Amino acid sequence: EDPATPNPLHITAPSKKKQAALPQHGFTNSNPPPAAQLFVPSRTRGKGNFLCIALIGPAPKPNDEKKSWTSDDALGAWCTICNCNVMWKKGESNGLSRHMRKHHSDILKEAGVRDEDWNKEKPSKRQ
């Protein structure tokens, strides 16, 4: 291909930052993770984040004892209703709460999670 010829579709590779944000587990809508790999962490922040979202655990290995996974073990987050990846990073729940508010606000209302619970401001450290 001649480098002087412009690309008519203007397709470029994703930036390194965007590549780092892409899930590395390889599951897609047509290839969801097996139910045995999905788990909900025992200690969670944010009301309602895990009503229909689960974390994806590592693939089980032969002769491995079943252990309780933590968010350190998670490969990504998966919405069990939409069958899609959810942006998630350990220690940050913004992607989870954004997905829940955008796609599953009815579930949040049924669970009694109010808008004020999502928008609470953190108290300032200085007083």
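I will go from the overall layout to the sheet, then to the side-chain pairs and a few single residues.

First, the ground rules. This is a predicted model, where local features need pLDDT of at least 70 and side-chain atom pairs count only at pLDDT 80 or more, while totals for chains, interfaces and linings use all residues. Residues are numbered from 1 along each chain as its sequence is written, and side-chain values use heavy atoms, with hydrogens and water left out.

Now the layout. The chain has four helices and four strands. Starting at the N terminus, the order reads α-β-β-β-β-α-α-α.

Next, burial. Of the 127 residues, 26% count as buried. Buried means under 20% relative accessible area, exposed means over 50%, and partly exposed is in between, with a 1.4 Å probe and protein chains only.

What about contacts? Take those between residues at least 6 apart in sequence: 46% of them join residues at least 24 apart. A contact here is heavy atoms within 4.5 Å.

On to the sheet. It is open, has four strands in the order S1-S2-S3-S4, and the pairing is antiparallel. S1 and S4 are at the edges with a single partner strand each, so one side of each has no neighbour in the sheet. Two strands pair if DSSP finds at least two bridges between them. S1 and S2 pair over two bridges, in the antiparallel sense. Phe-39 has Leu-55 in S2 as its bridge partner.

Stay with Phe-39 for a moment. The structure holds one aromatic pair. Phe-39 and Trp-69 form it, tilted, at 5.4 Å centre to centre and 55 degrees between the planes. The pair links distant parts of the chain: Phe-39 is in strand S1 (residues 38-39), Trp-69 is in the loop between S2 and S3, and they are 30 residues apart. The rule: rings of Phe, Tyr and Trp (its six-membered ring) pair if their centres lie within 6.5 Å; planes under 30 degrees apart are stacked, over 60 edge-to-face, and the rest tilted. Phe-39 counts as buried because its relative accessibility is 10%. Trp-69 is buried too, at 15%.

Now charges. Side chains of opposite charge can pair when their charged atoms come close. The count is two salt bridges. For each, a side-chain nitrogen of Lys or Arg must be within 4 Å of a carboxyl oxygen of Asp or Glu. One joins Lys-90 and Asp-72, at 3.1 Å from N to O. Lys-90 is in the loop between strand S4 (84-86) and H2, and Asp-72 in the loop between strand S2 (53-56) and strand S3 (76-79), so this pair ties together parts 18 residues apart in sequence. Lys-90 is partly exposed at 46%, and Asp-72 is exposed at 57%. Lys-89 and Glu-92 form a salt bridge at 3.7 Å, N to O. Lys-89 is exposed at 52%; Glu-92 is partly exposed at 43%.

Then the cysteines. Cys-79 is buried, with a relative accessible area of 0%. Cys-82 is partly exposed, at 31%.

His-99 belongs in this part of the story. Leaving aside neighbours within four places in sequence, His-99 is in contact with Ile-53, Cys-79, Cys-82, Cys-84, Val-86 and His-104. His-99 is in helix H2 (residues 94-103). Its relative accessibility is 9%, so His-99 counts as buried.

Last stop, Asn-83. This residue is in the loop between S3 and S4. Asn-83 is not a glycine, yet its phi is positive, about 55 degrees. Asn-83 is partly exposed, at 30%.
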